[in-house]
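Subject: The two-chain model, and what I found in it

Hi,

Here is the structure I promised to send over. Please open it next to this email, and then read on for my notes.

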Amino acid sequence: MSGFSGMQAWLIQRFTAIYIAIVTVILAMIIWLEKPTNFQQWSALFSDPWMQTALSIFIVTLLFHAWIGLRDIILDYIHPIWIKMLVMTGIVLMLVASGFWFLRALLLV
Amino acid sequence: MKFNIYRYNPDTDKAPYVQTYELKDVNPEMMLLEALLTIKKMDTSLGFRKSCREGVCGSDGMNVDGVNRLACVTRLSELKDPVEIRPLPGLPVIRDLIIDMEQFYKQYRAVKPYLIGLEPEPEVERLQTPKQRELLDGLYECILCGCCSTSCPSFWWNPDKFLGPAALLQASRFIEDSRDAATVERLDQLDDAYKLYRCHTIMNCVQVCPKDLNPTKAIGRIKERMVQKKL
């Protein structure tokens, strides 16, 4: 019902955390070094194919990471099965929608 | 010295209440269990479990000043006055400080705490190298007092699905045992969202264990074994 076995979820959470941490630091460094100030500079920065690839993977890992974290909270605290399913479905829809929104933004720059 | 003790008799009391007892001229080197036994002479209706009175049987686990511990190995000099005494939290109260540990034992039984698949039966004893035996140190010493599992928030929320630190320590004890032939089955059994993975490394179990064991480390070792098995 949670989509993953216990170990899969645990491993995915850890590996995605590593990727998210690394990309966040690199991204912060790039922005700090490039100091983009207007839309053209921001756009140029994010239309680089390396950046696009890294960020596409980033959003997928981020969504998986968020899903496992939220799923943990739900499994801990929400016990009635119907409410649990309802909340989980709502969260999945929200996460998938955010993923598409982010990818669309990335493609449009 | 004053003792504020949780009292509840479901047959006669509508709700639990706290009763205060006072002992005069207590020896600070006395153990809390001795104090409780003295109180019981004054008020025979007070209910609590005890047996070996030396931290071996694990009967007299209780919540003392907010921390789960064994009354028989807790010196009065370690405690402030008044002492707040409650039953172990998270399990149903039968009477006063006596709790119903059935849920705890159910999770213990669920990990099959015995050697499995010992075939063929050897002529003499089943030998282990000193190194294999060393792996069981810190795992086999558990006395099942329940202090750890009843201090674990994950066990409070899901006592029926999450095995709890005590049972997981036992699971690790048999997973690590070189003489056990069911390691793979044991690991597979634990690989779901609840049994093992509701542990969020809160480590209350480590803090309260009267035998100074480390269930959190044992849980980490089970996770390691699971990953090794997958690879």
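Let me begin with chain B, whose secondary structure comes to eight helices and seven strands. Please keep in mind that this is a predicted model. The C-alpha trace of chain B spans about 60 × 35 × 30 Å along its principal axes. Of its 231 residues, 36% count as buried. If you take the contacts in chain B between residues at least 6 apart in sequence, 66% of them join residues at least 24 apart.

**The two domains of chain B**

Chain B is divided into domain 1, residues 2–99, and domain 2, residues 102–230. The C-alpha centres of these two domains of chain B lie 29 Å apart. Their contact takes 14 residues from domain 1 and 14 residues from domain 2. On the domain 1 side, the largest share comes from strand S4 of chain B (residues 67–70), which supplies four residues. Sorted by class, that domain 1 side has eight nonpolar, five polar and one charged residues.

**The core**

Which residues touch the most other members of the largest nonpolar core? They are B:Ala71, B:Ala166, B:Leu168, B:Ala171, B:Leu196 and B:Ile222, in a core of 60 residues. Helix H5 of chain B (residues 165–175) gives the most to this core, with seven residues. Both domains of chain B take part, as the core draws at least three residues from each of domain 1 and domain 2. As general background, nonpolar side chains tend to be buried together in soluble globular proteins.

Leaving aside neighbours within four places in sequence, B:Ile222 is in contact with B:Leu168, B:Ala171, B:Ser172, B:Ile175, B:Leu190 and B:Leu196. Among these partners, B:Leu168, B:Ala171 and B:Leu196 are also on the list of core residues that touch the most other members.

**A helix pair in chain B**

B:Ile222 turns up again where helix H8 of chain B meets helix H6 of chain B. Helix H6 (residues 183–190) and helix H8 (residues 215–230) of chain B pack at an angle of about 110°, with their axes 10 Å apart. Angles of 65 to 115 degrees count as roughly perpendicular, and H6(B) and H8(B) are therefore roughly perpendicular to each other. From H6(B), the contact is made by B:Val184, B:Leu187 and B:Leu190, while H8(B) brings B:Ile222, B:Arg225, B:Met226 and B:Lys229. The residues of this contact of H6(B) with H8(B) divide into five nonpolar, no polar and two charged.

**Where the chains meet**

The contact between the chains takes ten residues from chain A and 13 residues from chain B. Which elements give two or more residues to the chain A side? Those are helix H1 (6–34) and helix H3 (49–77) of chain A. H1(A) gives the most, with five residues. By class, the residues on the chain A side divide into six nonpolar, three polar and one charged.

**One leucine in chain A**

A:Leu93 lies in helix H4 of chain A (residues 81–108). Is A:Leu93 buried or exposed? A residue counts as exposed if 12 or fewer other C-beta atoms lie within 10 Å of its own; A:Leu93 has 10 within that distance, so it is exposed. The C-alpha atoms of A:Leu93 and A:Leu11 are separated by 23 Å, and these two residues are 82 residues apart along the chain.

**Backbone details in chain B**

As a rule, most residues other than glycine have a negative phi, and most peptide bonds are trans.

- A cis peptide bond joins B:Asp81 and B:Pro82, with omega about 0°. B:Pro82 lies in the loop between S4 and strand S5 (83–86) of chain B.
- B:Arg53 has a positive phi, near 50°. B:Arg53 lies in the loop between helix H1 (32–42) and strand S3 (61–64) of chain B, and counts as partly exposed, with 17 C-beta neighbours inside 10 Å.
- B:Asp212 also has a positive phi, near 55°. B:Asp212 is found in the loop between helix H7 (204–208) and H8 of chain B, and is exposed, with 8 other C-beta atoms within 10 Å.

Note on methods. Residues numbered from 1 in each chain as written. Chains lettered and ligands numbered in written order. Predicted model: local features only at pLDDT ≥ 70, side-chain atom pairs only at ≥ 80, totals over all residues. Core = buried A, V, L, I, M, F, W, Y, C linked by C-beta atoms within 7 Å. Buried ≥ 20, exposed ≤ 12 C-beta atoms within 10 Å, placed from the backbone. Domains from an automatic or database assignment. Contact = placed C-beta atoms within 7 Å. Nonpolar A, V, L, I, M, F, W, Y, C, P; charged D, E, K, R; others polar. Axes fitted to C-alpha atoms, helices over the stretch in contact; angles between N-to-C directions. Parallel < 35°, antiparallel > 145°, perpendicular 65-115°, else oblique.
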